[in-house]
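Please take a moment to look over the sequence and the model shown here before reading on. The paragraphs that follow go from the loops to the helices and then to the charged pairs.

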Amino acid sequence: MSDLQAAAPTPSGLHYRTVPVTAFAQNCSIVWCGDTRDAAIIDPGGDLDRLLAEVQRLGVQLKAIWLTHAHIDHAGGTAELAARLNLPIIGPHPGDQFWIDGLPQQSQMFGFPPAGHFTPTRWLADGDTVQIGRCTLNVRHCPGHTPGHVVFHSPQAQRVFVGDVLFAGSIGRTDFPQGNHAQLLSSIRERLWPMGDDTVFIPGHGPESTLGEERRFNPYVRGQ
């Protein structure tokens, strides 16, 4: 995968650019409204100076941080970024409170720069929406990888930002505390598949794919 994926406009006016960050090559996505240039950043796990340089290069205005879940490679830069720019932290679901509380320990365990814990400005629940400019995305609670994992879905753009629920050819790990394999498969089957085979998903690691491609060929969820 290229180090910096191309900015992708969609028919809905939603744009995004995915920037892999940290030693874990976590896909942090900058999403923005083409009309207003207002932007949110999904899962700022680290490398904040690089991310902010890309935000400046794109000419967009960061308005919020959106989190799919609170593992260190997805949330490690959140407290610092929120403090630097006075940004609200939106998400994840309250089920990930214990992961947020443990971010300082996670950073030490995995050799990341020191990470602070935080209190989200707004917790998310299944059926909520988030908005940036004139673009609205639906929130689906997809536990299994973590208990509080959420995804952000734009039906109009046929895009969904899935964090570590689903990957091209694989699925999220469930061997971390409070992970649940059966619950993860249920989240994919009941929450992701109904979004439609043509929907492109942006995973937390690795290349994009479509839900239809994974339904047909992903060995972990094929036939689910």
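**Loops, helices and charged pairs**

Thr22 sits in the loop that joins strands E2 and E3, where helices (H or I, at least four residues) and strands (E, at least two) are DSSP runs numbered from the N terminus. This is a predicted model, in which local features need pLDDT of at least 70 and side-chain atom pairs count only at pLDDT 80 or more, while totals for chains, interfaces and linings use all residues. Residues are numbered from 1 along each chain as its sequence is written, and side-chain values use heavy atoms, with hydrogens and water left out.

Thr22 has a positive phi, near 70°, although it is not a glycine. Because its relative accessibility is 17%, Thr22 counts as buried, a term that means under 20% relative accessible area, with exposed meaning over 50% and partly exposed in between (1.4 Å probe, protein chains only). Phe24 lies in the loop between E2 (14-21) and E3 (26-33), and this residue is partly exposed, with a relative accessible area of 35%.

Two other loops also hold backbone features. Asn86, in the loop between helix H3 (78-85) and strand E6, has a positive phi near 55°, and with a relative accessible area of 71% Asn86 is exposed. In the loop between E6 (89-90) and helix H4 (97-101) lies Pro92, and the peptide bond that leads from Gly91 to Pro92 is cis, with omega near 0°. Most residues other than glycine have a negative phi, and most peptide bonds are trans.

Helix H6 (residues 181-192) has 12 residues and should span 16 Å at 1.5 Å a residue, which agrees with the 16 Å between its end C-alpha atoms; the expected span is 1.5 Å times one less than the number of residues. Within H6, the buried residues include Leu184, Leu185, Ile188 and Leu192. Among the elements that cover the buried residues of H6 are strand E9 (150-154), strand E10 (159-163) and helix H7 (211-217), with contact taken as heavy atoms within 4.5 Å.

The whole structure contains 11 salt bridges, each being a side-chain nitrogen of Lys or Arg within 4 Å of a carboxyl oxygen of Asp or Glu. One of them joins the side chains of Glu80 and Arg84 at 2.8 Å, N to O, and both residues lie in helix H3, four residues apart, about one turn of the helix. Another links Asp175 with Arg173 at 2.9 Å, where Asp175 is exposed at 54% relative accessibility and Arg173 is partly exposed at 48%. Arg17, Glu54 and Arg57 are linked in a network of salt bridges.
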